Amino acid sequence: MRKSAITVLILVSATMLVASGWQEPLLKSRDLPFKYHKSVFQTDPLREQDPPPNYSFIPNGNGQSTTYLYDSYYDYMPFSYNGYNVRLQPEFSLPYGYAAGGIYVSYHCSETSSVGTDRRAFNSYINSDGTLFGSSATNHYDVIREGFTSVDIDPVTGDPFFVWHSVIETDGSWDNSMTYDMFHMTGATGFWKLPWIMMDNPEVSEGLTGNSDDEFNWPIVMVGGSPLDGHRRIHVYANNDHTNDGGNGNYNSLYAYADFNDNDLLMESEFEWTYKTFPYMDHLHYDDIARVNKDMIVKDNLVAFFGNFGDTLFVMSSSDYGENFIWYKEEWKYAVENPFQEDGVTYEFYNEDGITPAELFFVLSNDGSHFNGTFTANDTKLVWMCGVNLNTAENIGQDLYMAAFFYPKIFSFDYSTETFDFYDMDIQGADPADDQPAIPWDLDEDGEV
C-alpha cells in the first residue's frame, strides 16, 4: 500500500467559540521576570542555531503529496483531545475476503461561518492507493455542535466505528453518538448504520454516580478482543464535562463495552452495553482532589487507562477485556536546585516578594495531558508521552505555571516490575534515560550551571 499524507484544508479561522463542550485549562501561564542582564536562560543572538530537519511528503497513488479532504470554516481541533482520528484497515475484509487496506479519517468542521452552532462530525475514506473516495457528514440529521470525534477499526471486517458528541435531545444535554460503516458487505464504503445515542446524558450515569447533572463527553472508541468466541469487544469512554462543587472539572469517566460479531453488524445492531464508572476517579472529581489526565489503550484482552493526577502517575489495567481493573500509582515530583547567576550570589528565581529565593520542582502538567499510548516489549510495557513543567512552589500554590519551562517526556510502566520510568525528549541531558529530569542549565549533568 502506498502511503499518503492527509490534510484538512482550513479556509477561514473561527472568530468566536462557544465555551460549552470544551476542556478548560486548569492552570494559568505566568510571564517570566527575566530582569537580569546576564540570565542563564538568555540566548546569545550570535549563537549558531541547529538547522531545521529536512522533510518531504510521500506522494500518493496520484502523484500528490497531500490528499484534500474538505473545506472548513473551523480552525480548531480536527478530532478530539485523545484517542485517534486516522485508522488503517487490515489488508483484507473478512469474512468475504474483499480487498481493504484503506484509511478512515474522523474530524469535525463547519461548512458555514456559523461555527457556534454548525459544527459537524465528518468522515473521509482514502483507498489503499491513496485516492480519496469521499468525505461527508457522519450524521445527516439536525443536531447542534457535533464534534470531538474518534474512530477505530474492527480488525476482522475492516468496518470503522465512529463516535462524537452533540446536542440532540430537547433537554439540551450533550450526548454521545455512534455509527459504523458496513464495509465488509460489499468491500466498499458507504453503507452506514443510522447513528444512535450510545451514551445518553445524564440518564446512563446517574445510577452509577448518584449525580443527576453529569455529562460525559469527548468520547473515545477502541476495538479489541472478546471473551466470546467469534466476537470482538468495542470499548468507549467519555470524560465528565460537569464541574464539581469546587467549580473544577476533574474529568472522571464513564466507560462502556459491548461484544459483537459479523452478523451483529449486518443486522445493524446497537449492541448490549455494560456501563461503569471508576470509584477512585469519581473520588478525585467529586471530592475536588485533582484533575485526572488520561487516555485508554486496548489490545486483545488488555485494556488500560494511563496518565496522571496531581503529582501521581497512574496505570489502571485490565487483563480480562475491561471487566476488572488494577490500579498502579507512583509519585513523580523532583526538587531542583535554584541556580545562582554569574555573580554567585543572586539566585535566578525569586518569589513575588523579590527577596525570597524560590523553591523549584519538576511536576506533572495538567495542560500537557492530551496523549496516546502503546504497548511495547511484547506487551510487558505501556508507553506514552506527557508534558512536565519546571515550576516554583509559590506558582504551584497559585495554580500558575511557567510556559517557557514546559517539556515533553516519554513515560512507561513495566508490568513485570510494576514500576514507572521516563525518558527525556527535549531537552536532553547527558543520559536521557537516567532517573533525573534534564536540567535546562546543566545539560552535561556535571552539577555546574
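1. A contact here means heavy atoms within 4.5 Å of each other. On that basis, among contacts in the protein chain between residues at least 6 apart in sequence, 59% join residues at least 24 apart. The model under review is a predicted one, and the points below should be read accordingly.

2. Overall composition. The protein chain contains four helices and 28 strands. Of its 449 residues, 49% count as buried. The chain exposes about 21,000 Å², and carbon and sulfur atoms supply 50% of that area.

3. Strand S25 and its partners. Strand S25, residues 381-392, is mostly covered, with 10 of its 12 residues buried. Nine bridges join S25 to strand S27 (residues 406-414), and the two run antiparallel; within this pairing, Val 383 stands opposite Ser 412 in S27. Strand S23 (residues 360-364) is joined to S25 by five bridges, again in antiparallel fashion, and Leu 360 stands opposite Thr 392 in S25.

4. The hairpin of S24 and S25. Strand S24, residues 373-376, is antiparallel to S25 and is joined to it by four bridges. The bridge partner of Gly 373 in S25 is Trp 384. Four residues lie between the strands of this hairpin, and Ala 377 takes a positive phi near 50°.

5. The sheet S18-S19-S20-S21. These four strands form an open sheet in the order given, with antiparallel pairing. Strand S18 (292-299) and S21 stand at the edges with a single partner strand each, so one side of each is left without a neighbour in the sheet. From one strand to the next, the twist averages 15°. Six bridges join S20 to S21, which run antiparallel, and Ser 317 stands opposite Ile 326 in S21.

6. Aromatic pairs. A search of the whole structure finds 49 aromatic pairs. One of them is formed by Tyr 255 and Tyr 257, a tilted pair at 5.8 Å centre to centre with 50° between the planes. Both Tyr 255 and Tyr 257 are buried.

7. The pair of Phe 278 and Phe 325. How are these two rings arranged, edge-to-face or stacked? Their centres are 5.3 Å apart and their planes stand at 80°; planes over 60 degrees apart count as edge-to-face, so the pair of Phe 278 and Phe 325 is edge-to-face. Phe 278 lies in the loop between strand S17 (274-277) and helix H3 (279-286), while Phe 325 lies in the loop between strand S20 (312-318) and strand S21 (326-331), so the pair ties together parts that are 47 residues apart in sequence. Phe 278 and Phe 325 are both buried.

8. The aromatic cluster. Ring pairs link Phe 306, Trp 332, Tyr 334, Phe 371, Trp 384, Phe 411 and Phe 422 into a cluster. Trp 384, one of its members, is also the residue in S25 that is the bridge partner of Gly 373.

9. Charges over rings. The charged end of Lys 333 sits over the ring of Phe 361, at 4.5 Å from its centre. Lys 409 lies over the face of Phe 362, and here the distance from the ring centre is 5.7 Å.

Key
Residues numbered from 1 in each chain as written. Predicted model: local features only at pLDDT ≥ 70, side-chain atom pairs only at ≥ 80, totals over all residues. Heavy atoms only, no water. Phe/Tyr/Trp six-rings, centres within 6.5 Å; stacked < 30°, edge-to-face > 60°. Buried < 20%, exposed > 50% of the residue type's maximum accessible area, 1.4 Å probe, protein only. Lys NZ or Arg CZ within 6 Å of the ring centre and 35° of its normal. Pairing = 2+ DSSP bridges. Axes fitted to C-alpha atoms, helices over the stretch in contact; angles between N-to-C directions. Areas by Shrake-Rupley, 256 points an atom, 1.4 Å probe, with all protein chains shown as cover.
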